[in-house]
Amino acid sequence: MTPESFDVIVAGLGSMGASTCYELSKRGYRVLGLEQQQNTPHEMGAHGGQSRIIRKAYFEHRDYIPLLDKAYEGWHQLEAITGEQVYYPCGLLYYGAAADPIMQGVKQAAHDFKIPLQAVADQKLLSSFVEKEGNEAWLEPAAGYLLPEKAIRLFLIEAAKAAAVLHTGEKIISWKKRGEGIEVLTTKQTYYSKRLVITAGPWAAQLIRELSVPLIVTRQIILWVETDQRQQYQPSHFPCWLIAAEERKGAWYGFPSLDTSICPGPQGLKLALHYPADPTHADIVNRIISEDEIQAIQKAALKYFKPAGNKVLAAKTCLYTNSPDEHFIVDHLPGYAGTVTIACGFSGHGFKFVPVIGRILADLAMDGKTDLPSGFLGLQRFKAS
Ligand SMILES: Cc1cc2nc3c(=O)[nH]c(=O)nc-3n(C[C@H](O)[C@H](O)[C@H](O)COP(=O)(O)OP(=O)(O)OC[C@H]3O[C@@H](n4cnc5c(N)ncnc54)[C@H](O)[C@@H]3O)c2cc1C
């Protein structure tokens, strides 16, 4: 029997896959999106947990900033076409030692790219953070939070409206080159397409066997802590925050108290450490979080954020997929003459880029190249010089 045929198959309908299906179907291609979970969004991968920070004074690498301009545009466009809000600009407060590389990176990025950043002197606001001699506080007013589950849902609804075929509960078992295109075998049937885009998040290494760089999946824990002063921590009064951690690389970060009727999820102040935690495997993650783990995180967070000492209301796991340099991998897969495009290794900071990654993947998959400045995310950087 001849397999059903598409212009392009998108493997994985999480964060990046949803926006990619939207971009491709909007451009008029016949798209098949395949998702292994029964429902998407879901809590098994990288996008669960109610909220994601979006910010532009990027300390990780200055080349991300032009892409962030496009990402912000993309979020505004999604809101305009759907009439729904996914981006909440409540601001982001950066706190840490003036000389800390994160703080230096934020200030440098703001200076070089003219990103508004204001010194914070509001003592009421600062009273939530553990004071330390030599620390400084900066606010990026246009930063804030995104609703990841809602955004994925909206991208998929728009993709379906533009005639994308979306199958959930259908896992890709394998794929191979066939003729000029790609044959994809799933738990239900075999398909053929001219192009394949792999956006499999924490499962990327299983679907991209030829990938020459290791991807390490880590089990991250997020806590929601109670506050007895809910009014003070409303997004209208209190921003997202990010604190350069002293004793190890990484940053503590958190959110204001979100209205759970708009942002479904646990109540309270969400917080976590942005730093790769224990390595795991996407299919065998221990989702049970012990009391000892909760207490250890709570104790560590309390050194920076005072409300962390209040009661823990909820704890969840979520997965990072870390590339060797903690920068994204977005490129053609070598050896397939441009027919296979991959996006993986988002290393715990990819969500804010979702709309622009969708555009880049659609460009690379169908046009073979992109005008968007994403060359620094290519596999070439891992080649020994
Ligand atoms: C705790 C935590 C906090 C974070 N905070 C932030 C933040 O504040 N700001 C920010 O910008 N980013 C943040 N991130 C990172 C961001 O969420 C991720 O970079 C992003 O979600 C990665 O998207 P993805 O599409 O690669 O993975 P996912 O969203 O997990 O999507 C991958 C999809 O592929 C599917 N799939 C895999 N294999 C198959 C298969 N064989 N067949 C069919 N389907 C398959 C999966 O089921 C899944 O739905 C955070 C991540 C975590 C875990």
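Which residue in S20 is the bridge partner of Ile-198? I looked it up: the partner is Ile-342.

**Ground rules.** I note that this is a predicted model, where local features need pLDDT of at least 70, side-chain atom pairs count only at pLDDT 80 or more, and totals for chains, interfaces and linings use all residues. Residues are numbered from 1 along each chain as its sequence is written, and side-chain values use heavy atoms, with hydrogens and water left out.

**Strand S20.** S20 runs parallel to strand S12 (residues 190-198), and 3 bridges join them. I counted two strands as paired if DSSP finds at least two bridges between them. On strand S19 (residues 329-332) I found antiparallel pairing with S20 over 4 bridges. There, His-332 stands opposite Thr-341 of S20.

Next I checked burial (buried is under 20% relative accessible area, exposed is over 50%, partly exposed is in between, with a 1.4 Å probe and protein chains only).

**A sheet of 3 strands.** I then read the order of an open sheet with antiparallel pairing: S3-S8-S4. Its edge strands are S3 (52-54) and S4 (87-88), each pairing on one side only. S4 and S8 (residues 144-146) are joined in the antiparallel sense over 2 bridges. Tyr-88 has Tyr-145 in S8 as its bridge partner.

**The ligand.** I listed 34 residues around the ligand, with a heavy atom within 4 Å as the cut-off. The closest are Ser-15, Glu-35, His-42, His-47 and Cys-318. By class, the shell has 16 nonpolar, 13 polar and 5 charged residues. Nonpolar covers Ala, Val, Leu, Ile, Met, Phe, Trp, Tyr, Cys and Pro, charged covers Asp, Glu, Lys and Arg, and the others, Gly among them, are polar.

A side-chain N or O atom of His-42 is 2.7 Å from an oxygen atom of the ligand. A polar side-chain atom of Lys-352 lies 2.8 Å from a ligand oxygen. For Ile-172, a backbone N or O atom lies 2.9 Å from a ligand nitrogen. The ligand taken alone exposes 1,000 Å², and the protein buries 97% of that (Shrake-Rupley method, 1.4 Å probe). Helix H1 (15-26), S3 and strand S18 (312-322) are the elements that give two or more residues to the shell. The largest share, 3 residues, comes from S18.

**Arg-62.** I found Arg-62 in the loop between S3 and helix H2 (64-82). At 46% relative accessibility, Arg-62 counts as partly exposed. Arg-62 touches Asp-112 and Phe-113 (heavy atoms within 4.5 Å), leaving out residues up to four places away in sequence.

Note on methods
Polar contact = N/O pair within 3.5 Å; in protein donor to acceptor, adjacent residues only side chain to side chain.
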